[in-house]
Amino acid sequence: PIRFAKAFPSSVIYSFEPIPGTFKILNKETASYPNIKLINKALGNEAKILDIHLASRITSSSLLDIEKNIENEFWAENLKEEGAIPVSMSRLDLEIPSDKNVSICKLDVQGYELEVLKGAVETLKRTAIVLIEMQNHELYVNAPKYFVLDEFLRKNNFELYDMIPSIRQKNKIYEWDAIFVNKNNIR
């Protein structure tokens, strides 16, 4: 959130972090940025309490089960489950005021992107750009592949603008960030 707070100092930055320890660190690191609003919740398609699966690399933790039999050494080490804790989940449509337009919605939720989008249908109508992590692997149980997210966003009036590869191994792309623009909000 700090990068966005610096780039857009007159904007309000809503940042969601469900893991209490990580939230505490973010709260400390963002204390000097009054335009960052931190919310200690996960996002999805309903308001409830559910378990988040903690991974050895904390940024790989997910609301989805982590695949148990990963053959790739890099992924097996970084996605080793180290327990689960209950977290509070909400919907973006409940958290972002309905009178606010959203310039950029950035999603990186380890396979839970489709559920977050389903809980943000009204917010998406007021959103100009969606920056979303997409995957071409099966590291999280029942996580949607890139083409499912693309289809959902296209049905909600977004079009793909660009892609930024983030993880590539042995000439195969595993993850990337995709930039989608709302056809009604961008000319």
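Author: Helices here are DSSP runs of H or I with at least four residues, strands are runs of E with at least two, and both are numbered from the N terminus. The coordinates come from a predicted model.

Reader: Is Ile129 buried, exposed or partly exposed, and how far apart are the C-alpha atoms of Ile129 and Tyr161?

Author: A residue counts as buried under 20% relative accessible area and as exposed over 50%. Ile129 has a relative accessible area of 25%, so it is partly exposed. Although Ile129 and Tyr161 are 32 residues apart along the chain, the separation of their C-alpha atoms is 9.4 Å.

Reader: Which residues have the most contacts inside the largest nonpolar core?

Author: The largest nonpolar core holds 43 residues. Phe180 belongs to this group with the most contacts, and beyond its sequence neighbours up to four places away Phe180 touches, among others, Ala128, Ile129, Leu153, Phe158 and Tyr161. Apart from that core lies another one of six residues, including Ala5, Leu26, Ile36 and Leu38. The residues asked for, with the most contacts inside the largest core, are Leu63, Leu117, Val130, Ile132 and Phe180.

Reader: How many helices and strands does the protein have, and what is its radius of gyration?

Author: The protein contains seven helices and nine strands. The globule rule gives 16 Å for 187 residues, and the protein comes close to that value, so it is as compact as a globular protein of that length, with a radius of gyration of 16 Å.

Reader: What share of the contacts between residues at least 6 apart in sequence joins residues at least 24 apart?

Author: Contact here means heavy atoms within 4.5 Å. With pairs at least 6 apart in sequence taken into account, the share that joins residues at least 24 apart is 68%.

Reader: Is Gln110 buried or exposed, given its place in a loop?

Author: Gln110 is found in the loop between β6 (102–107) and α5 (113–118). Leaving aside neighbours within four places in sequence, Gln110 is in contact with Thr59, Ser60, Ser61, Ser62, Leu64, Glu133 and Tyr140. Its relative accessibility is 7%, and therefore Gln110 counts as buried.

Reader: Which residues does Ile39 touch, not counting those up to four places away in sequence?

Author: Ile39 has its place in strand β2, residues 36–39, and at 9% relative accessibility it counts as buried. Lys6 is 33 residues from Ile39 along the chain, and their C-alpha atoms are separated by 19 Å. The residues that Ile39 touches are Tyr14, Ser15, Phe16, Glu17, Phe23 and Glu95.

Reader: What is the phi of Asn142, and what is that of Asn171?

Author: Most residues other than glycine have a negative phi. Asn142 lies in the loop between β7 and α7 and is exposed, at 73% relative accessibility, while Asn171 lies in the loop between β8 and β9 and is exposed as well, at 77%. Neither is a glycine, yet phi is positive at about 65 degrees in Asn142 and near 65 degrees in Asn171.

Reader: How far apart do the centres of the positive and negative side chains lie?

Author: The protein has 24 positive and 26 negative side chains. The centres of these two sets are separated by 5 Å.

Methods: Residues are numbered from 1 along each chain as its sequence is written. This is a predicted model: local features need pLDDT of at least 70, side-chain atom pairs count only at pLDDT 80 or more; totals for chains, interfaces and linings use all residues. Side-chain values use heavy atoms; hydrogens and water are left out. The radius of gyration is taken over C-alpha atoms; the globule rule is 2.2 Å times the number of residues to the power 0.38. Lys and Arg count as positive and Asp and Glu as negative; His and the chain ends are not counted. The place of a charge is taken as NZ of Lys, CZ of Arg, CG of Asp or CD of Glu. A nonpolar core is a set of buried Ala, Val, Leu, Ile, Met, Phe, Trp, Tyr and Cys residues joined through side-chain atoms within 4.5 Å. Buried means under 20% relative accessible area, exposed over 50%, partly exposed in between (1.4 Å probe, protein chains only).
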